[in-house]
Amino acid sequence: MPRIVDWPGRLKEMAAFVGLDEEQFELIRSTAPVVLEHADELTAAVYDNFLKHPGSRKFFLNEKGEVDETRLDRRKHSLARWLRASIDFKLDEDYPIRALATGIVHSHPPVHRAHLGSIPSRFMIGTMSFTQTALAEVLLQEMDDPEAAMRASVAWNKLLMVQMDIMLAGYVTDIPTEPPEGTEEPAEPADLQSAPDTLGTFE
Ligand code: HEM
C-alpha cells in the first residue's frame, strides 16, 4: 500500500531543522543582484567541473565521444534557471514538487540517455557542494561587508541543503518506521538498490 508523502510538510520540517527562516530567505533575496550578475559565470564553472571529471563528463558527450555543445548549452540554461528560481524560494506547495521533479529527471534516465543510467547521486551532492563554494566566493568578493557576505552564504548553504533533501528523495527512500495507516503489519523495507521501485512510495 503506497504511502502518501506530504512534500510541503517535509520541506517545512527540514527548513525548521536546519534553521532556515524568513530572515534568511530575506538575506538570500538580498543577494539577487550579485547572484544574477554572476549567474552565467557560476553555471559555466559548474559545467567546466562536470567536463573535467570522466564520471560526470560522459553525460554531455555525443555518439562520437565529443562534447555535445547544443545539449550542454541547454543544460547550462536549466541550471541558471534553477539558480534564479532559488533566489525566490518559498516554503510553499510548488517548490518541493519542482525539486522532486528535478531529482527524478536525474535519477531516472529518459530513453535518449537510458544507456548511461542514473546521474550518480554523489555528483548531485558534489554539485551542491561546488555551488555552495562558488556562491560563497562570489558573495565574499562582491559584497562590501564580509560579515554580511558570510551570513548570506550561510543562508544559501541551508537553502541548497533543504533542496538537496527533496532532490535526493528522487533517488532513495528512507526505510519506513511505522506501518502505513490502516495496517498492522510493519511496512516493507524499501529496496535502496532499485530507485524505480521506490517510486511507488511517492504515489
Ligand atoms: C545541484 C545539482 C543539479 C541541479 C540543481 C540540476 C538542475 C537541472 C535542471 C533544472 C534540469 C532540467 C530538468 C528538466 O528539463 O525538467 C537538469 C537537467 C539535466 N541535468 Fe542537471 N542538475 C544538477 C546536477 C546535475 C549533474 C551532477 C549532472 C551530470 C553529471 C546533470 C546532468 C543533467 C542532464 C544530463 C540533464 C538533462 C536531463 C534529460 O535528459 O532530460 N545535472 N538539471
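The legends below describe several close-up views of one predicted model.

Residues are numbered from 1 along each chain as its sequence is written. Because the model is predicted, local features need pLDDT of at least 70, side-chain atom pairs count only at pLDDT 80 or more, and totals for chains, interfaces and linings use all residues.

View 1. Along the sequence the pattern reads α-α-α-α-α-α-α-α-α-α. Helices (H or I, at least four residues) and strands (E, at least two) are DSSP runs, numbered from the N terminus. Of the 203 residues in the protein, 21% are buried. A residue is buried if 20 or more other C-beta atoms lie within 10 Å of its own, exposed if 12 or fewer, and partly exposed in between; C-beta atoms are placed from the backbone. Among contacts with a separation of 6 or more, 74% join residues 24 or more positions apart. Two residues are in contact if their C-beta atoms, placed from the backbone, lie within 7 Å.

**View 2. A shell of 17 residues surrounds the ligand.** The closest are Ser-56, Ser-78, Trp-82, Phe-123 and Thr-127. By class, the shell has 10 nonpolar, 5 polar and 2 charged residues. Ala, Val, Leu, Ile, Met, Phe, Trp, Tyr, Cys and Pro count as nonpolar, Asp, Glu, Lys and Arg as charged, and the others, Gly among them, as polar.

**View 3. The largest nonpolar core has 26 residues.** Such a core is a set of buried Ala, Val, Leu, Ile, Met, Phe, Trp, Tyr and Cys residues joined through C-beta atoms within 7 Å. Ala-152, Trp-156, Leu-159 and Ile-166 have the most contacts inside this core. At least two core residues come from each of α1 (7–18), α7, α8 and α9 (146–169). Helix α9 gives the most, with 9 residues. Ala-152 touches Leu-27, Ile-28, Ser-30, Thr-31 and Leu-139, not counting residues up to four places away in sequence.

**View 4. Helices α1 and α7 pack at an angle of about 95°.** Their axes are 8 Å apart. Axes are lines fitted to C-alpha atoms, for helices over the stretch in contact, and angles run from 0 to 180 degrees between N-to-C directions. The angle makes α1 roughly perpendicular to α7. Angles under 35 degrees count as roughly parallel, over 145 as roughly antiparallel, 65 to 115 as roughly perpendicular and the rest as oblique. From α1, the contact uses Trp-7, Pro-8, Arg-10 and Leu-11; from α7, it uses Tyr-95, Pro-96, Ile-97 and Leu-100. The contact has 7 nonpolar, no polar and 1 charged residues. Ile-97 has 14 other C-beta atoms within 10 Å, so this residue is partly exposed. The C-alpha atoms of Ile-97 and Trp-7 are separated by 7.1 Å, although the residues are 90 apart along the chain.

**View 5. Val-34 sits in helix α3 (residues 32–37).** It counts as partly exposed because it has 17 C-beta neighbours inside 10 Å. Leaving aside neighbours within four places in sequence, Val-34 is in contact with Val-138, Leu-139, Glu-142 and Met-143. Val-34 and Glu-142 are 108 residues apart along the chain, with 6.9 Å between their C-alpha atoms.

**View 6. Tyr-171 lies in the loop between α9 and α10 (195–198).** With 19 other C-beta atoms within 10 Å, Tyr-171 is partly exposed. Tyr-171 and Ser-107 are 5.7 Å apart, C-alpha to C-alpha, and 64 residues apart in sequence.

Definitions and conventions: Near = placed C-beta within 6 Å.
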